[in-house]
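Thanks for coming. I will take you through one structure, going from overall figures to side-chain pairs and then to the nonpolar cores.

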Amino acid sequence: MRLAALLVLACATASLTVGCGRDIAPTASRATSAPRSPLAGGVSATVPRGWHLLLPPVTGLAYPVDRLLLSSYPAARGGNCGPDRAERDLPPDGALIYLMEYRPQVGAVWANYRRSAFPPRPAHFALRGRALTYECWRVPSHLIRFRAADRPFQLHVALGPHAGAARRAQVLRVLDSLRFAPLPPPPPDPYAGWHALHLETGDTLRTPPGWLAAANPSPRRQARPRTLFLAANQALTGLPSHRPSRLHALPARFPRRTLATFPADGVLLWIREDRPGPPNAAWPHLPSSARWPRSVDFAPVAGGIAARWPRLRWLRAAVEQRTTRFSLWIVSGPRAAEADRQRAMKTAASFAYAAGSIRDRPCRRACRSRTTPVRVIPAARPRTRVALPGSIVDVTSAAGRVWALTCTAACHCVATHSSGKLVSIEARTGRVLSNASVTRPYALAAGPSGVWTIDFWGGRATRYDPVTGRELAHVKLTLPRAVAPGDRRFLPSYVAVGAERVWVSTARGYVVGIDPRSNAIAETLRVAPDASGPLLALGHGVWIGEGTSVRRFDPASGLSRRFAIRDHRRRQLAVADLSFASGAVWATGEWATTSDRRGHREHTLTGDTATVELDPTVGTVRSIVSLPRGAYVKARDANDLWIAVPHANRVLRFATDSRRLTSTGPWLPSQGRDLWTSASPRSHSLVRIAATSRGPSTG
């Protein structure tokens, strides 16, 4: 989003950060003699006969907002961050009144300012003390800040060197005639809660909470190319990450050690002002009215620095405006979450800048000392424990988030009236992102279509937005036919997301596939009665555990195949878990013996546990790995299964690619470099464990 600039409040003794934007073509004002003129923006004033009025736009400022310019002489519009042309034409006995308002385009008006900085509008204005030369002003002026109708205003009054008492009295009458009406609040700020960084050149950036951010304290003291801002989803080697910083300027180019040690899940936004020059293919020209940068302005980079660091993903957006050149880079690791990349895009879209001669002017009061350190907002320290409302029912992950389903009330026995919460946690930092109420929490799954929960007693599946956690839709589940007179309750037991469907199973002999585009049932599959085994949804098929057999269903053809998994002793595997890792399906459970008694087939569990590798396309057995008795799969990721052994109070890490078992701690799944686990059975908190450690992280 391209904004013209930011003008930060000036004070009576020193001026602060200012910015400028597009030049406004000179347009002469007209004399007016209206006794009281209702002006734009809920402002009215009495304009003396022979004075001249200019309504917005007066300058190139987008913030603060121009409200009016009154002058005792014919004035012209135009200027970067102040009424330059009106100041230039100020006669020796003339007067100039310029009014602006600190009203944002979006968000709360007083979000970034204290009302105490804007005293109530006085009954009578006064010009006290001597006029000062403020940043962006060519002539000395009196600065007056005040609030009226709960709106923050700032006045500049400039008088020619020979303006007498009569002229001053005339100016004060005009100021006392100002009237202000309340305005409706601006629309909500899409960056509410984000940090705001400001530079003395008028450039601003909004950065996400929890991210590392750094700003150059005084860019105009440095030669181009010069880095203005950077933001990253975590601390990076070679870049300032703590307060106070020892650096007095940001690196002009990417540090080599930053790229050499760049995390696989890292994301970095780098904003640089390049050497000035005319537009070309590398820096295309941008019209003043265009919005920049947008997501479509970023293009992949293959040559140059990207060719030297091919492991990383490089995106670049660049622009030229009035010979000022900017380039924005987004660098991400191979396993960076798409949500973090989109957050970097949103951060880039908040970049507001000033273009033109302001960037070459000598920096007066606004520039800080050469020894002023870089301003740093440190990245949030990853949390090692997240307290949750209620006891944990289920945990899953998707797109860099951990989703925890908890029960908060009436959780015991059959739990027909239970209630709980669906909590979204940022996997990398442990920050809680959302918290939604859930009726009768039972099981949980997440995928590209959203986050889904099932209600056993209510017989429905509920869809939640994967970003906001807001409830989106309900899907009522009923059996195609009654299992008893009048009984068509579905009673869902498992849910999985994949193969363009959301799959829900029941122990009453059915599996249904919900189309997330219509939130309606699109597939119904008949399975073995009383089969309440697990579900595994892959892109090329759906796997369903049916007691001592497994069914593979192909949604594309509608065909399914059921088969048993046997060992060399002809025992069948009672499947308790289905996982996908290292390109194979892994079925885990207990071996069972089979016997026929009185014409009925009976299965008896032996207590011997194993995990079996299956070919994902045809289902043939590739290998069998024995596990300790009573073991079960507690979690899984792309290459490992985490096997809990309850009687030994430990968890085994099974590397599916090497078939190795190692002892570790109890873990639950997430994405990124860390995993999360419940602290204990029916725990009310999750604990972070680093993926390379052998126990809980200490922070």
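Let me start with a term. I will say "salt bridge" when a side-chain nitrogen of Lys or Arg lies within 4 Å of a carboxyl oxygen of Asp or Glu. With that in hand, here is a group to find on the screen: Asp203, Arg224, Arg226, Glu273, Arg359 and Asp360 are linked in a network of salt bridges.

Before that, the overall picture. What you see is a predicted model. The mean pLDDT of the protein chain is 84, and 87% of the residues reach 70 or more. Over residues 1-33, though, the pLDDT is below 50, and this stretch still has 150 contacts in the model beyond near neighbours in sequence. Residues 665-674 also have a pLDDT below 50, with 51 contacts beyond near neighbours in sequence.

The protein chain has 699 residues, and 56% of them are buried. By secondary structure, the chain has five helices and 45 strands.

Now back to charges. In general, side chains of opposite charge can pair when their charged atoms come close. Across the whole structure, a search finds 33 salt bridges.

Next is Arg508 with Asp487, whose side chains meet in a salt bridge at 2.8 Å, N to O. This pair also links distant parts of the chain, 21 residues apart: Arg508 is in the loop between strand S29 (501-506) and strand S30 (510-515), and Asp487 is in the loop between strand S27 (471-476) and strand S28 (492-498). Asp487 is buried, with a relative accessible area of 14%.

One more salt bridge joins Asp297 and Arg294, with the closest N and O atoms 3.3 Å apart. Here Asp297 is partly exposed, at 22% relative accessible area, and Arg294 is partly exposed at 46%.

On to the aromatic side chains. The structure holds 25 aromatic pairs. In Phe146 and Phe153, the ring centres are 5.6 Å apart and the planes meet at 20°, so the pair is stacked. Phe146 is buried at 1% relative accessibility, and Phe153 is buried at 0%.

A second stacked pair is Tyr442 and Phe456, with ring centres 5.2 Å apart and planes at 25°. Tyr442 sits in the loop between strand S23 (432-439) and strand S24 (443-447), and Phe456 in the loop between strand S25 (450-455) and strand S26 (460-464), so the pair ties together parts 14 residues apart in sequence. Tyr442 is partly exposed, at 37%, whereas Phe456 is buried, at 18%.

There is also an aromatic cluster, formed by Tyr63, Tyr102, Trp110, Tyr113 and Phe118. And charges can be found over rings: Arg316 lies over the face of Trp283, 5.2 Å from the ring centre, and Lys346 lies over the face of Tyr191, 5.1 Å from the ring centre.

Last, the nonpolar cores. In soluble globular proteins, nonpolar side chains tend to be buried together. Which residues have the most contacts inside the largest nonpolar core? They are Phe229, Trp292 and Phe351, in a core of 29 residues. The elements giving two or more residues to this core are S12, S13, S14, strand S16 (313-321), strand S17 (324-332) and helix H5 (338-349). Leaving out residues up to four places away in sequence, Phe229 touches several residues, including Leu197, Leu250, Trp270 and Phe351. Asp203, from the salt-bridge network, is also among the residues that Phe229 touches.

Apart from that core lies another, of 26 residues, among them Ala45, Ala148, Val157 and Leu175.

That is the tour; I will take questions.

Terms used. Residues numbered from 1 in each chain as written. Predicted model: local features only at pLDDT ≥ 70, side-chain atom pairs only at ≥ 80, totals over all residues. Heavy atoms only, no water. pLDDT = per-residue confidence, 0-100. Contact = heavy atoms within 4.5 Å. Buried < 20%, exposed > 50% of the residue type's maximum accessible area, 1.4 Å probe, protein only. Helix = DSSP H or I, 4+ residues; strand = E, 2+ residues; numbered from the N terminus. Phe/Tyr/Trp six-rings, centres within 6.5 Å; stacked < 30°, edge-to-face > 60°. Lys NZ or Arg CZ within 6 Å of the ring centre and 35° of its normal. Core = buried A, V, L, I, M, F, W, Y, C linked by side-chain atoms within 4.5 Å.
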